[in-house]
Amino acid sequence: MYGDDSEGGGDLEGGWDTVLPVGGPTVRGVYMAGYRSHPDGRLDMRVLPQPFVTVVLGFGDALLHIEGGSGRAALPGLVAGPVPGPTRIRSGRFSCVELRLSPLAAYALMDTAPADLQGAVTGLEEPWGAPGRRLGERIAGAGGWPERFALVDRFLAERAARAPTADAEVAASWSAIVARRGRVRVGDLAAACGWSRKRLWARFTAQVGLTPKRAAMLVRFHGAARRLRAGADVAEAALACGYVDQSHLHREVREFTGCTPGALVRTATSADADGDALARAAHRADTGTHPETQPTRLAKQPTQSAKPTDPPG
C-alpha cells in the first residue's frame, strides 16, 4: 500500500492481500489496485514523496488516522500529492482501492489545482467534492473487487470524457523527465518544445503542480530511493541516478524525507514495490498507452497474500 518512512516501528503488520483489475484501468496514466489487511493487520506509515498523486478509497469500518502539517484527521480515504509533506498514517484492519495518477492524469481528473495538492494530505472531497464522497459510499456497498474496480473505472472515465487537456509541450516535457529518470536540464526541455524557459516554467507548474526542476528532482530521488532499498550503497545509487556525488544525494534525500539515506534504507517504503510499473504508467500518460498489470493478481481470482516484508505498492 502507501509509501512508508516510519521510524523504527511503522509497518504493515499481519500481512495484506493485493488484487489488480483485469486489463487495467481504461484511463491513461492511472494505476489501480485493491488492498485488504488480514484480521490482525495494522497500518503505520510515514508518507514518502513520489512522482504521482495517490488516492486511497477506503471501505469498511476502519478509518485512516492522519497526522501531518495540517493537523490530525480521521478519514475513510485520502488524496496525497507528489510531495505531501511530513505525514504519518495509522489504521487497524483496513481495506481500500488505491489509485496512483500521473501528474497529468491528476490535472485532467481532479477539480483542484495541482499546486493545491502539495504539502498536505486531504480527504476525497477536496479534489472531487460530493461525487468523491458518493464514490466512496458506492465502493463500500459493492459486492466484490470486480464491482469496486468497475465503479472506480467508470467514475474516472466519465471525468476523463470532459477533462481539460494539458499542453502538448508540458506533456512532452513530463514524458522526457520520466524517460530520462530526472536527468534533464530545463533549458533543454524548453528548447525541445520551442518555448522560453519562463513560459515552460509557468505552464508546467500550473499543470503538474511542480516546477520542471522540482519534478526532475523528485523523479531522480524516487529512483535513488528504490535503489537504496534494493541494496545499493549510497555511492552506487548516486552514480546510477545522476547525482554529482554522495553528498548531493544525501542532501536531496534529507530534503524530501527529513532523514539520511541510511535511515531511509532501514524503513519500508513504497520504493520497494512496483516502482517500475508506476514509472511506466506515468510515462504512458503521455504516450497514449495504458499501465501494465501483473497477470498473477486478478480481480476474478482470490486475492493473494503479500509478504509482510514487501508491502504492496
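Residues are numbered from 1 along each chain as its sequence is written; because the model is predicted, local features need pLDDT of at least 70 and side-chain atom pairs count only at pLDDT 80 or more, whereas totals for chains, interfaces and linings use all residues. Side-chain values use heavy atoms, with hydrogens and water left out.

Across the whole structure, the search finds eight salt bridges, each defined as a side-chain nitrogen of Lys or Arg within 4 Å of a carboxyl oxygen of Asp or Glu. One of them joins E67 to R90, with the closest N and O atoms 2.7 Å apart. E67 belongs to strand 6 (residues 64-68) and R90 to strand 9 (residues 88-91), so this pair ties together parts 23 residues apart in sequence. Helices (H or I, at least four residues) and strands (E, at least two) are DSSP runs, numbered from the N terminus. E67 is partly exposed at 28% relative accessibility, and R90 is partly exposed at 29%. Buried means under 20% relative accessible area, exposed over 50%, and partly exposed in between (1.4 Å probe, protein chains only).

R159 and D111 form another salt bridge, at 2.4 Å from N to O. This pair links distant parts of the chain, 48 residues apart: R159 lies in helix 3 (residues 145-161), and D111 in the loop between helix 1 (103-109) and strand 11 (121-122). R159 is buried, at 10% relative accessibility, while D111 is exposed, at 57% relative accessible area.

Within helix 2 (residues 125-141), R133 and E137 are four residues apart and therefore separated by about one helical turn. Their side chains meet in a salt bridge of 3.9 Å, N to O. R133 is partly exposed, at 38% relative accessibility. A network of salt bridges links E125, R133 and E137.
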